[in-house]
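I opened my notebook to look up a few things in one structure.

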Amino acid sequence: MLTIAVNVSAQEITAFPTMWGMEYYQDDKEITRKEVKSIFSKNEEVYAHWKKANTKDVVAGIALAGEFVGVFWATTELLNDDPTLTNRDRAKNAIGPLAGGLAGAIVGVIYLNSANKSRKRAILSYNKQFDKTTTFRLVPVGNSNGLGVALRW
């Protein structure tokens, strides 16, 4: 009787949030974001989630830049030293930019959260392929001819 066992070592991807972004590891080796993209591009489903995450990151970046501009603009309106303006006029002039800045911050945070979820989905979809540790397995089979063993993959 011949017994064959095949063990495929997993190459799972793990991500850890840091202060400056995400760190990616393949098993215990740190890899770059570019390497992760290269690995994920070989699987359509995984790469679709990865691309969504990158698109959402861009939208979040634009929204957060708008937030910065709005708050800066509102601050300059409040600190305007024009003697013809009253405090009420300065506050009125600052409301619009401040509201825009607040809206930009809310949209940015929502899209950053959504990007992180898409990135996690990509990693989980990629890692799902390693749930089984062997490429094939022996399965007992019984039929009218008797008992036997079949290879399933």
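I first wrote down the rule: a salt bridge is a side-chain nitrogen of Lys or Arg within 4 Å of a carboxyl oxygen of Asp or Glu. I also noted that the model is predicted.

**Salt bridges.** I counted by this rule and got two salt bridges. One of them I looked up in detail: R33 pairs with D57, and their closest N and O atoms are 3.5 Å apart. Which helices does this pair link? R33 lies in helix α1 and D57 in helix α2, so I had to look at distant parts of the chain, 24 residues apart. In general, side chains of opposite charge can pair when their charged atoms come close.

**Helix contact.** I then turned to the two helices. Helix α1 covers residues 33-40 and helix α2 covers residues 44-78. Their axes come within 8 Å and cross at roughly 140°, which means that α1 is oblique to α2. From α1, I listed R33, V36, K37 and F40 in the contact. From α2, I listed V46, Y47, W50, N54 and D57. Sorted by class, the contact has five nonpolar, three charged and one polar residue.

**Surface.** Last, I looked up a nonpolar surface patch of about 510 Å². V59, L102, I106, V107, I110 and Y111 make this patch. Which helix gives the largest share? Helix α3, residues 87-128, gives five residues. Y111 is found in helix α3.

Terms used:
Residues are numbered from 1 along each chain as its sequence is written. This is a predicted model: local features need pLDDT of at least 70, side-chain atom pairs count only at pLDDT 80 or more; totals for chains, interfaces and linings use all residues. Side-chain values use heavy atoms; hydrogens and water are left out. Axes are lines fitted to C-alpha atoms, for helices over the stretch in contact, and angles run from 0 to 180 degrees between N-to-C directions. Helices (H or I, at least four residues) and strands (E, at least two) are DSSP runs, numbered from the N terminus. Angles under 35 degrees count as roughly parallel, over 145 as roughly antiparallel, 65 to 115 as roughly perpendicular and the rest as oblique. Contact means heavy atoms within 4.5 Å. Ala, Val, Leu, Ile, Met, Phe, Trp, Tyr, Cys and Pro count as nonpolar, Asp, Glu, Lys and Arg as charged, and the others, Gly among them, as polar. Patches are made of residues with over 30% relative accessible area and no salt bridge: like charges are joined within 9 Å, nonpolar side chains (Val, Leu, Ile, Met, Phe, Trp, Tyr) within 5 Å. Accessible areas come from the Shrake-Rupley method with a 1.4 Å probe; for residues, only the protein chains shown count as cover.
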